[in-house]
Amino acid sequence: MPSIDYSSAANVTERLEERLVESLTGETSVSRRTVLGGLGVAGSAAVGLGSSRASASSDHDDEDEHGNFGAVGEYRDLDFDPHEFLTAFNTGESGQDNVPQQVYEEDGRTVREFEFTAVDTTIAIAPGVEFSAWAYNGQVPGPTIRAVEGDLIRVKFTNLGRHAHTIHPHLKNLNPRMDGIPQNGPGVLDTGESFTYEWLAQPAGTHFYHCHSLPLKEHIHRGLYGTIIVDPDPERVRENPREYVNYPGPITDDFREQLVEEAKSRNHEYAENDAVNEMVMVMNSFDTNFDGGNEVYAANTRAFGYGVGDTDGEGNWTAGETKRPIQIDKNERQRVYLSNATEFDLINSFHTHSQFFDYYDHGTTLTPTNKTVDTIMQCQAQRGIIEIDYSDHEPGLYMFHAHQSEFAELGWMSFFEVV
């Protein structure tokens with residue numbers, strides 16, 4: 001039997017989503033406490049204690065007057081697909097159509113070159129609910145960059161937005177001119193200005209980039225952030241294994257080879273990496289009324305985007321469905337590159353139901369920071385790698401979400417569908 005009934009899971013998601021959207025589209029000022037008050041009712045209805053169906057526009061005749069909100073349940077904006085984003089790795093050789101890129105050799109080093117822009121745009125954060133965002137290449141989170149340890153990452157950046165912006169990388173950057181802050185290098189770039197950033201891909205791990213213009217909290221909250229993945233170089237691991245472990249014990253020849261094999265599984269240029277299902281998740285949030293407190297939370301921007309829609313329980317979905325669980329093969333190793341971009345809240349978290357995982361903080365080691373855990377916390381800009389194995393689980397739905405319960409009820413609630 002599946003771990004949770006499909007129709008019940010869909011009902012829970014639907015009721016939570018309805019209450020969230022209804023609160024966001026109302027005439028009164030909205031706080032997350034207001035939304036959670038409504039969700040107390042939604043929780044009862046979701047488990048069969050009520051039967052009324054909420055409507056995002058039930059009290060309003062003119063939907064245009066309130067931002068042209070659409071029907072609850074479907075995302076009308078198809079420009080961003082959170083399922084495609086999960087596995088959209090831009091390597092210079094391949095990646096997203098909206099990210100011009102190339103890879104070439106220069107002075108004996110591999111260069112991975114990308115073209116980034118900053119733009120003002122609107123993004124869908126819940127069905128029928130839009131948010132005024134500032135975005136790299138028109139998307140939130142920004143494009144995921146992937147390189148190999150020792151490569152040169154070259155980003156040709158042009159600011160097309162109305163405000164001054166930068167790109168600051170959380171890498172070991174040896175040149176202060178390339179730090180992407182107001183005080184160094186070109187400083188902030190005004191509208192129409194361009195600059196080429198160059199960063200060495202180091203250390204191996206999963207890293208964060210974001211705009212560093214002031215006020216910093218607004219530039220991050222509006223959507224100017226993304227992930228940089230630096231794959232370990234297996235030959236460098238073989239030569240310097242001590243740099244990739246977090247314990248002082250002896251490194252035997254067998255342990256050295258184990259580390260090399262693990263590095264190959266994390267390096268997109270090696271066949272061993274093909275056996276791993278890799279995903280990028282950025283935990284983020286949105287202050288829809290700009291009062292310094294978030295009303296919507298998500299993994300990869302869309303509230304309940306990995307929730308349950310119409311399904312036959314065998315992985316088949318209604319054509320055009322815009323939200324659905326993440327379908328995974330139980331026989332594949334699962335790897336999540338996780339980061340936290342949440343503003344205004346001190347921490348965010350990741351919790352799996354009916355499952356434990358290994359966690360590699362910052363992804364800079366090849367041995368786990370925390371082994372066999374089911375919950376980890378991250379402050380803003382903290383990141384890490386989660387390794388999950390569902391090979392001994394029955395097929396079905398397995399929830400994962402933030403374990404700040406209010407975050408989960410306000411959108412950061414998701415499912416893996418194990419098949």
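How many bridges join strand β6 to β8, and do the two strands run parallel or antiparallel? In this predicted model, strand β6, which comprises residues 152-159, is joined to β8 by seven bridges, and the two run antiparallel. In general, the strands of a sheet pair through backbone hydrogen bonds, in either a parallel or an antiparallel manner.

A further set of strands may be considered next. Five strands, in the order β1-β5-β10-β9-β7, form an open sheet with mixed pairing. Because β1 (89-90) and β7 each have a single partner strand, they stand at the edges, and one side of each is left without a neighbour in the sheet. Within this arrangement, strand β5 (residues 144-148) and strand β10 (residues 225-231) run parallel and are joined by four bridges. Val 148 stands opposite Asp 231 in β10.

Attention now turns to a helix. Helix α6 covers residues 253-266, and its 14 residues should span 20 Å at 1.5 Å a residue; the C-alpha atoms at its ends are 20 Å apart, which agrees with that expectation. The buried residues of α6 include Phe 255, Leu 259, Val 260 and Ala 263. Glu 262, Lys 264, Ser 265 and Arg 266 are also among the buried residues of this helix. An α-helix has 3.6 residues a turn, so residues three or four places apart point the same way.

A polar atom of the side chain of Ser 265 lies 2.8 Å from the backbone oxygen of Glu 262. Beyond residues within four places in sequence, Ser 265 is in contact with Glu 272, Asn 273, Val 276, Glu 278, Arg 333 and Arg 335. Although Ser 265 and Ala 275 are 10 residues apart along the chain, their C-alpha atoms are separated by 7.7 Å.

The final topic is a set of annotated positions. In an unreviewed entry, UniProt places the feature "binding site" at His 165, His 170, His 210, Cys 211, His 219 and His 403. Of these positions, His 170 is located in the loop between β7 (168-169) and β8 (194-200). With a relative accessibility of 22%, His 170 counts as partly exposed. Apart from neighbours within four places in sequence, its contacts are His 207, Phe 208, His 210, Ala 381 and Arg 383. His 210 is itself one of the positions that UniProt lists.

His 403 lies in another loop, between β20 (396-401) and α7 (405-409). A relative accessible area of 42% places His 403 in the partly exposed class. When residues up to four places away in sequence are not counted, His 403 touches Ser 349, His 351 and Thr 375.

Which class does Cys 211 fall into, buried or exposed? Cys 211, also named in the UniProt record, counts as buried, because its relative accessibility is 0%. Cys 379, by contrast, is partly exposed, with a relative accessible area of 37%. The count of disulfides comes to zero.

Conventions:
Residues are numbered from 1 along each chain as its sequence is written. This is a predicted model: local features need pLDDT of at least 70, side-chain atom pairs count only at pLDDT 80 or more; totals for chains, interfaces and linings use all residues. Side-chain values use heavy atoms; hydrogens and water are left out. UniProt positions are given in the numbering used here, feature names are shortened, and annotations may be inferred rather than shown by experiment. Buried means under 20% relative accessible area, exposed over 50%, partly exposed in between (1.4 Å probe, protein chains only). Contact means heavy atoms within 4.5 Å. Two strands pair if DSSP finds at least two bridges between them. The expected span of a helix is 1.5 Å times one less than its number of residues. A polar contact is a pair of N or O atoms within 3.5 Å; within protein, one must be able to donate a hydrogen and the other to accept it, and residues adjacent in sequence count only if both atoms are side-chain atoms. A disulfide is a pair of cysteine sulfur atoms within 2.5 Å.
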